[in-house]
Amino acid sequence: MTDSNTPHRPRFVELSPDRVSRFWTAVSVGPHAANPSEGGGWAVLLDGRTPKTPAKAPLALPTQAAAQLVADEWAAQGQFLDPSTMPATRLASTAIDRIGQAREPVADEIAAYAGSDVVCYLAEHPTPLVERQQREWGPWRDWAAREMGVALEAATGIVHRAQSPEAMARVKAHALSLDDFRLTGLATAVPLLGSAVLGLALERGVLAGGTAFDLSRIDEMFQEDQWGVDAEAAERTAARRAEAELLEQWFRALTPQ
């Protein structure tokens, strides 16, 4: 469920819309020591040189696997750079350029989703839909309460049910405990899924991206089963599902091995 107070998805760094010809041949990753006090990190290398974010910062990430995920997008480019095929690069640029200056409001927005979490709003009818929601959402509400200390109450129907300030505060505290890169991922996942619970489970690595996405749209899938789905809607759904799957890769790549 959402209402007029539900926050918008976070604004991301926009990669240049100008048509840029591929100016590199080899793509690799290497140690980045520009910020030794922060442990360095790993930089994307194009012919041995580190590209810059839109704010002119080095494109460097905290783990080798995360840098490789971004580097793979650069390696896959054709004659012209296509920003729409570079979601991990966009996440990295947002983490580097913006999130560090907006951690508090970003965490507030994430916590606000716990106040209207999709997994807390059960349909009144039909019975098969209600039973499916109870069966598939209940375990994740239980997980959030048990593992994250985020106890949310379920409701029936669309009337807003306020959640405890303590639960929302725990979501915010967890968000603020993350580094800028994981926080960027969580700030992307929660609005995509309409759920702090599912976003947290995805970030913690206990829920796969595709599974989280399917859980977030049980109502939609029920309607599709009844009435079918047109090609345009299917294309939008596929794009959103791909985003959720990329976020799974993002969080996994950021986890130290």
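Where does D47 lie? D47 lies in the loop between β3 and β4, and I shall return to that residue in a moment.

Good morning, colleagues. The model before you is a predicted one. The protein chain has an average pLDDT of 91, and 90% of the residues score at least 70. One stretch calls for caution: over residues 1-9, pLDDT stays under 50. For that stretch the model has 20 contacts beyond four places in sequence. Where pLDDT is low, the predicted coordinates should not be read in detail.

Let me turn to the sheet. Three strands make up an open sheet, in the order β2-β3-β4, and their pairing is antiparallel. The edge strands, β2 (27-31) and β4 (60-61), each pair on one side only. Between β2 and β3, the latter covering residues 42-46, there are five bridges. In this pairing, P31 stands opposite W42 of β3. Across β2, β3 and β4 lies helix α1, residues 64-75, which runs at about 155° to β2.

Phi of D47 is near 55°, a positive value in a residue other than glycine. P126 is found in the loop between β6 (121-122) and α4. As background, most residues other than glycine have a negative phi, and most peptide bonds are trans.

Helix α4, residues 127-148, packs with helix α9, residues 218-227, at an angle of about 145°, and their axes are 10 Å apart. The crossing of α4 and α9 is right-handed. On the α4 side, the contact is made by P128, L129, R132, Q133, E136 and W137; on the α9 side, by I218, D219, M221, F222 and D225. Sorted by class, this contact of α4 with α9 has six nonpolar residues, one polar residue and four charged residues.

Finally, the salt bridges. K172 forms a salt bridge with D108, and the closest N and O atoms are 2.8 Å apart. K172 belongs to helix α5 (residues 165-177) and D108 to helix α3 (residues 103-114), so this pair ties together parts that are 64 residues apart in sequence.

Key:
Residues numbered from 1 in each chain as written. Predicted model: local features only at pLDDT ≥ 70, side-chain atom pairs only at ≥ 80, totals over all residues. Heavy atoms only, no water. pLDDT = per-residue confidence, 0-100. Contact = heavy atoms within 4.5 Å. Pairing = 2+ DSSP bridges. Helix = DSSP H or I, 4+ residues; strand = E, 2+ residues; numbered from the N terminus. Axes fitted to C-alpha atoms, helices over the stretch in contact; angles between N-to-C directions. Left-handed = near helix turned anticlockwise from the far one by under 90°. Nonpolar A, V, L, I, M, F, W, Y, C, P; charged D, E, K, R; others polar. Salt bridge = Lys/Arg side-chain N within 4 Å of Asp/Glu carboxyl O.
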